[in-house]
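Please keep the sequence and the coordinates in view while reading.

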Amino acid sequence: MEFLAATTLSDALAAKREQPEAVPLMGGTDVMVELNFDRRRPPALLDLTGVRELDEWSMDGDVVRLGAGVTYTRVIEELGQALPGLAMASRTVGSPQIRNRGTVGGNLGAASPAGDSHPPLLAAGAKIELASVTGTRTVSIDDFYTGVKSHAGRPDELITAVLVRSARGPQQFSKIGTRNAMVIAVSSFGLALHPDVKRVRTGIGSAAPTPRRAVEAESFLSSALEEHDLWETRAALADSLVREFGERVKAAARPIDDVRGTAAYRLHSLAVMARRTLGWAWADYAGGTA
Amino acid sequence: MRVTTTVNGERYDVDDVWEGESLLYMLRERMGLPGSKNACEQGECGSCTVYLDGLPVCACLVAAGQAGGRQVTTVEGLGSAEDLHPVQQAFIAAGAVQCGFCTPGLIVQTHDLLRRDPHPDDAEIREALAGNLCRCTGYEKILDAVRLAAETMSAAPVDDPSGAAS
């Protein structure tokens, strides 16, 4: 095995071009577990923790450009206002030690259906920046997840950043597990209100082969909110509307039975989380604080 | 490969490191620093908690090569048998040590907590230690130890050897 330690982005991209099978390594919270347990022996590790360009975030207008190497701890401490959904999800990741190491870029690279970043990024409508020696492109989060633990990046590309518009409305995240800390989600759900475009977006975690939106539930809710002038009046949502939204979110999931939970429980919990997160987000919106 | 790193203030050149091995393995098996404990090897238990450039991390999830050029502080760097750190003394005084396997990780994590927040409430202590598992004590004595350490340290502040910029 080779250990390639890049210190600049151009070095890292050149290394990935040279050895596309090299596994990018940031916080190690997935990759090192696979190595420690002899589950994986890649020909090379490409350490990106020394690449300063990946370790920064910046604002471009109202868009946050979140470098792939920014840790969960920093998302929580520095981006709670701009990216509330992602910050909420970040607070549920592992433990303080894990949040000091784990990165949103690494979560996207692993592309596990259970990754905590995915639902809020789907709900926010993020874009993923992919770079190679031949150039940089962005992929909508809607097209990013291509299968179980696989994504749209090519073997010669690295995930360099996530582009997320600063929140225009309330965002919420909910996750089911056996305790608060150190939990891989049994199921999870992210929701974002986008009052500026009168849309609601969602993200489902741990309940399908990939993280995914509940597109039909979003359309249903967005239409109902518009039809009843609720974006303007900010009036309370009818219980029947909230329940129907929960049922439609559930209908978008395709969970399996596994060691963490049954498919039936995942479906049930999704309907509950969808209902609750919508209730919390709408209460914020009705309160006019967002 | 060779890894050059600074551990507890001392520079080390470590040879014959396997490219896929963890910082924890390198510390314990190649550098004679067995204070950090190897239990779960998946970041679940916190027994291998060390400071890396001033932040507490699980050494089992850091590749040895990633510690190259960085500052590591292990439990050995916080105090010695002759000169225990107040956090270590508090764990002994409060009876927070039974089998002792989780203790080094708890000491480092508690050290970090009290450095950032000298007067944590119980919820903050529980949150800070949420990634450190103890199968003996039931945690009550550990909470006592953290409260005691907070008291003694605010009465008599000590130097911070963790390498943090703060």
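What pLDDT does chain B average? The model is predicted, and chain B averages a pLDDT of 95, with 98% of the residues scoring at least 70. For the complex, the predictor gives an ipTM of 0.95 and a pTM of 0.96.

The description may begin with the strands of chain A. Strand β11 of chain A covers residues 171-176 and runs antiparallel to β12(A), to which six bridges join it. Two of the residue pairs can be named. A:Gln171 has A:Ala192 of β12(A) as its bridge partner, and A:Phe173 has A:Gly190 of β12(A). β11(A) is mostly covered, six of its six residues being buried.

The next element to consider is a helix of chain A. Helix α11 of chain A consists of 24 residues, 263-286, and reaches 34 Å from its first C-alpha to its last, close to the 34 Å expected at 1.5 Å a residue. Its buried residues are A:Arg266, A:Ser269, A:Leu270, A:Met273, A:Ala274, A:Arg275, A:Thr277, A:Leu278, A:Ala281 and A:Trp282. An α-helix has 3.6 residues a turn, so residues three or four places apart point the same way. Which elements are included in what covers the buried residues of α11(A)? The cover includes β11, β12 and β13 of chain A, together with α10 (239-252) of chain A. After α11(A) comes A:Gly288, whose phi is positive, near 70°.

Attention now turns to chain B, which is divided into domain 1, residues 3-77, and domain 2, residues 86-155. The C-alpha centres of domain 1 and domain 2 of chain B lie 21 Å apart. Contact between them involves 13 residues of domain 1 of chain B and eleven residues of domain 2 of chain B. On the side of domain 1 of chain B that touches domain 2 of chain B, the largest share, three residues, comes from strand β3 (residues 49-52) of chain B. That side has seven nonpolar, five polar and one charged residues.

The last step is the contact between the chains. It takes 24 residues from chain B and 26 residues from chain A. On the side of chain B that touches chain A, strand β4 (residues 55-58) of chain B gives the most, with four residues. By class, this side of chain B has eleven nonpolar, ten polar and three charged residues.

Conventions: Residues are numbered from 1 along each chain as its sequence is written. Chains are lettered from A and ligands numbered from 1 in the order in which they are written. This is a predicted model: local features need pLDDT of at least 70, side-chain atom pairs count only at pLDDT 80 or more; totals for chains, interfaces and linings use all residues. Domain bounds come from an automatic or database domain assignment. Two residues are in contact if their C-beta atoms, placed from the backbone, lie within 7 Å. Helices (H or I, at least four residues) and strands (E, at least two) are DSSP runs, numbered from the N terminus. Ala, Val, Leu, Ile, Met, Phe, Trp, Tyr, Cys and Pro count as nonpolar, Asp, Glu, Lys and Arg as charged, and the others, Gly among them, as polar. Two strands pair if DSSP finds at least two bridges between them. The expected span of a helix is 1.5 Å times one less than its number of residues. A residue is buried if 20 or more other C-beta atoms lie within 10 Å of its own, exposed if 12 or fewer, and partly exposed in between; C-beta atoms are placed from the backbone. pLDDT is the predictor's confidence in each residue, from 0 to 100.
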